[in-house]
Amino acid sequence: MRNEVGELPGVPLTEKDVLHKKVLSTEWDPKLKWAWDTGIGYGRYLNELKKGRIVGSKCNKCKRVLLPARAFCELCFRQVDEWVHLKDTGTVNTFSIAYTDWVARRIKEPRIPAMIEIDGSGGVAILHLLGAVDPKQVRVGLRVKAVWKPESQREGAITDILHWLPMGEG
Amino acid sequence: MASRCAVIGIGQTKHTDKRLDVNHTGMVREACNRALEDARLSWKEVDALVIGKAPDTIEGVICPELYMAEALGMVGKPLFRVHTAGSVGGTTAIVGAELVRAGVHDKVLVVGWQKQSESDITWALSPHLPFDPPLMAGAGGFFAPHFREYIRRSAAPDHVGIKVAVKDRRHALRNPYAHLHQPKVCFEEIRDTPMLWDPLRYGETCPSSDGACAMVLSSEKYAYHGGTRPAWVHATEMRSEPTIMPGRDEVNPRAGRDCAAALYKQAGITNPRRDFDCAEIYVAFSWFEPMLAETLGFAEPGEGWKLSDSGATSLDEGGDIPWNCSGGVLSSNPIGASGTLRMAEAALQVRGQAGAHQVDGARLALAHALGGASQFFAMWIVGSEKP
Ligand SMILES: [Zn+2]
């Protein structure tokens, strides 16, 4: 019945003991490496990005366009029927203004992640970045177009799109 | 033989930014020992253990259950590990409850934990998959656009998020186990913290915590074994949905609405605001409170912010439906334990054990955990009376 509450066996360590290496501690830098199988749908999507195109897939039963393209419809639970090429234009449906960078450091010039509803997708939004836009000018409903990396630098990733610019200003 | 399930023991650690004095196992045992003590059971009397924590990449300790099993008394007994991202602690409790309700075991120990001090969470949650743009530093950046969309739809005033953060931090002052204790916390203090991901300020985000929370769940046979009256599990429910799908509403996800509807149906809840005495809801960022108030049916669509703004969810303002009396995720976030804490805090309330954050005469409480990109929902209802 004794569960040694409040009197765990052993000697508690302090932060100093660890930081000043008074106790045995090991540092380990693992070299992590893995391969990731894209599958049919995402594979096609990423390959098409390399060509400067956005591709989705369509389920003819529920008539939805899946984006990124997938091999099956998750609601009808059946194989999709066709690939659908979408435009590289869209509409901002919501956004944030980020004052921190990738590792949570403060940055002076804010970045603007936005959910962009891709034209022709029937309302699917992907999270991406707006470029060279005054934060005060950003609004829901803003029409934007993708700015692609030069073809030689593309690698089959969503980052092959550098950012999105308001239409007529890019 | 199917059985009713009761919570007969609850234990948690003091949540803090660094627990250097214990390793994972030591911290988990601390919570388990307290839960077993509360249930008046020894380790030997436990039939099975269900554990939950968020991804191993967070602390870089891969499959900790491999070396923890023996230290948690599981030699010769079944051990289950559950994994549903941030909701894992809630799901862990539900798996334990289902083992009891199905009649498989009589006394199940469930525990959730995280040692965020040993982690690099931004790295861990950002595997740089080729279809994800590396935009958001942490989860706040991911959810901020959803909060903005909520604010746009509902025309909620900016101060509501700040008010929720102040409310939960004030609740935390009543809970000795809460991580953040800001004795003078006030509206101005939160308002003047740096804007991280507009509309979200630093003060409106959850901390990174080390902590663990354990519960002993028992069949009816052992329900009165502990020193305090049991909390009865009235209903449990879970739902999931994809991160991205045509027609998905990130502000008010269908999985959340369906999960609540199915849960309420099981327990005969028709008006959550009236029927529950209090709720422990996974509010990791301030704006989740008004958003989830709508998803979980405490307010009509577009009206959730009015509930928060009115003081209805505040103990200090004498609200009729206090949310997160413990201080919630906004005051302590040991990720894998955060869901377990919601379930356990709801049980503490209906057992009358919540101390300074007790809601007087609480008889029925709701607990909710959320995981992934608002993808996983795990909920339970506990009551002071048998279901
Ligand atoms: Zn379909």
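This is a predicted model: local features need pLDDT of at least 70, side-chain atom pairs count only at pLDDT 80 or more; totals for chains, interfaces and linings use all residues.

In chain A there is an open sheet of 3 strands, in the order β2-β1-β5, and the pairing is antiparallel. The edge strands are β2 and β5 of chain A, each of which pairs on one side only. Between β1(A) and β5(A) there are 5 bridges, in the antiparallel sense. To find your place in that pairing, look for A:Lys58, which stands opposite A:Glu82 in β5(A).

The scores are ipTM 0.82 and pTM 0.92. For chain B the average pLDDT is 94, and 98% of the residues score at least 70.

Next, the zinc ion. Which residues are its protein donors? They are A:Cys59, A:Cys62, A:Cys73 and A:Cys76, each through SG, lying 2.3 Å from the ion. Along the sequence these donor residues follow the spacing C-x2-C-x10-C-x2-C. Two of them, A:Cys59 and A:Cys73, are 14 residues apart and link distant parts of the chain. A:Cys59 sits in the loop between β1 and β2 of chain A, while A:Cys73 belongs to strand β3. Why is the arrangement called tetrahedral? Because the 4 donor atoms around the zinc ion subtend angles of 105 to 115°, and the cut-off for four donors is that all angles lie between 85 and 135 degrees. A:Cys59 has a relative accessibility of 0%, so it counts as buried. A:Cys73 is buried too, again with a relative accessible area of 0%.

Now two loop residues in chain B. B:Ser332 is in the loop between α11 and α12. Is B:Ser332 buried or exposed? Its relative accessibility is 5%, so it counts as buried. Leaving aside neighbours within four places in sequence, its contacts include B:His15, B:Tyr177, B:His179 and B:Pro207. With B:His179 there is a specific distance to quote: the backbone nitrogen of B:His179 lies 3.0 Å from a polar atom of the B:Ser332 side chain. By contrast, B:Arg254 is 78 residues from B:Ser332 along the chain, and their C-alpha atoms are separated by 27 Å.

The other residue is B:Thr193, in the loop between α7 and β5 of chain B. Its relative accessible area is 19%, and buried means under 20%, so B:Thr193 is buried. Not counting residues up to four places away in sequence, B:Thr193 touches B:Arg201, B:Tyr202 and B:Gly203.

Note on methods: Residues are numbered from 1 along each chain as its sequence is written. Chains are lettered from A and ligands numbered from 1 in the order in which they are written. Side-chain values use heavy atoms; hydrogens and water are left out. Donors are N, O and S atoms within 2.8 Å of the metal (3.2 Å for Na, K and Ca); water is not among the atoms, so sites may look incomplete. Four donors count as tetrahedral if all angles lie between 85 and 135 degrees; four count as square planar and six as octahedral if opposite donors are over 155 degrees apart and all others between 65 and 115; anything else is irregular. Helices (H or I, at least four residues) and strands (E, at least two) are DSSP runs, numbered from the N terminus. Buried means under 20% relative accessible area, exposed over 50%, partly exposed in between (1.4 Å probe, protein chains only). Contact means heavy atoms within 4.5 Å. Two strands pair if DSSP finds at least two bridges between them. pLDDT is the predictor's confidence in each residue, from 0 to 100. A polar contact is a pair of N or O atoms within 3.5 Å; within protein, one must be able to donate a hydrogen and the other to accept it, and residues adjacent in sequence count only if both atoms are side-chain atoms.
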